[in-house]
Amino acid sequence: MATAKTGPDIRTALPGPKAQKLIEKDQKFISPSYTRTYPLVVEKGRGVYLWDVDGNRFMDFNAGIAVCSTGHSHPKVVSAIKAQASRFLHMSGTDFYYGPEIRLAEELAAIAPGRSAKKSYLCNSGTEAVEACLKLARYKTHRPLMIAFYGAFHGRTMGSLALTASKATQRKYFGPMLAGVSHVPFADCRRCPFNVKFPTCNFACVSFIEDVVMKKTTPPEDVAALVVEPVQGEGGYVIPPPGYFEKLRELCSRYGIQFVVDEVQSGFGRTGKMFAIEHWNADPDMIAVAKGMASGMPLGACIARADVMDWQPGSHGTTFGGNPVSCEASLATIRLIRESLMENARTMGEYMKRSLEQMQARHRTIGWVNALGLMIGMEIVREPGSTVGDPKMRDRIVEECFRRGLLILGCGPSALRISPPLVVRRADARIALEILDDALTAVENGKKRAR
Ligand code: PLP
């Protein structure tokens, strides 16, 4: 496989002829429910680089979608996959024992925040991890209700969809949802729904849960779990202020509610700590993980306090969960993250945040930058100083970056989402920032790249 030198190399109009043909076939045979932001048809990848079927080279600052934590096809992950694939591919983790699943659960217990012993339920995806948390919370507490947050994304199967409150399209015509979920405002201080300022607000959004929601519709004695993302991902890369999760943790402890943290997007080193919740002092009872945990192999987990995960045999299971090849990929991924990638995410995240904030002075459309490690959001606004987002402008910037060979995505109504693989080097980040700068200038001046 060719090694990338510097930056993207776009040789054809986009999409190129081979990509165009495959996209036509895709439209005939693939579910139209998928959201494809731009016409990228991937042939191969290495590190932060991807090549399309027409030989164009792109920089992937999405990491799949916050999944390829160790970069595309990291040699150590690939070698772990090959070694396990040659031993055995499957032996249902629900029904039988095998080493990779047990070793991974031991590793997850070691890296999960909090001192209490942990057990893991292994599955295949983020939504399944959230479903497991939901079921375990009900099982453990014998309570029916849940609290979740506006702006949250927890997945698309019917249980996790009931918690998801990010975009109405994700729910339209799928109701009725799982009964018993109350949504409350998230700590989005830039666009505070209570129109108050941190810290003088004294966490009005948390008081609202106890003083209004729990008193009027959702008796706390009936609440099994409060489910929350430490950093809202799909909802717009929103980072709550210091002290917020400590307050939520206290609230849950006061009423015997399971404090469930969805780290599907923010976990496994992406924010510069193994789990984003570690930026606060609020140990969860359960954590849902997936995405970056196996560098792109399908895997998810509900990691819970051992005294919480005490459901009886047969109460929950899945044929493919904890696949041995995925577990070995995950063990190799965690080793790499612990060795150096988590620290790289922290330092590269700081570098990119600083650079984007400097860029803000040159671009009227940049409202603000939200960044925790390599979970970086940049809000695109209608005019300087305003909090009114500009979704169309955001979409044009994403498109112009693509034309220049930089892959980024949107999140929330009007933010740019930048989530490169944790292996990203400063030289790559510098090129990506230059491309973004150029794309912003072009969009602000109403110009398009020629091809
Ligand atoms: N939870 C969060 C925070 C996510 O970002 C996602 C996916 O984007 C999910 C859950 C669902 O994960 P999956 O798509 O693997 O089902």
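**A tour of the aromatic rings**

Select Arg-426 and Tyr-351 to begin: the charged end of Arg-426 sits over the Tyr-351 ring, 4.2 Å from its centre. A charge sits over a ring if NZ of Lys or CZ of Arg is within 6 Å of the ring centre and within 35 degrees of the ring normal. This is a predicted model, in which local features need pLDDT of at least 70 and side-chain atom pairs count only at pLDDT 80 or more, while totals for chains, interfaces and linings use all residues. Residues are numbered from 1 along each chain as its sequence is written, and side-chain values use heavy atoms, with hydrogens and water left out.

Next, select Lys-44, which lies over the face of Trp-51 at 5.2 Å from the ring centre.

Turn now to ring pairs. Rings of Phe, Tyr and Trp (its six-membered ring) pair if their centres lie within 6.5 Å; planes under 30 degrees apart count as stacked, over 60 as edge-to-face and the rest as tilted. The count by this rule is twelve aromatic pairs. Select Tyr-139 and Trp-311: their ring centres are 6.2 Å apart and their planes stand at 70 degrees, so the pair is edge-to-face. Trp-311 is buried, with a relative accessible area of 15%, whereas Tyr-139 is partly exposed at 30%. Buried means under 20% relative accessible area, exposed over 50%, and partly exposed in between (1.4 Å probe, protein chains only).

Move on to Phe-245 and Trp-280, an edge-to-face pair with 4.8 Å from centre to centre and 80 degrees between the planes. Phe-245 is buried at 0% relative accessibility, and Trp-280 is buried at 10%.
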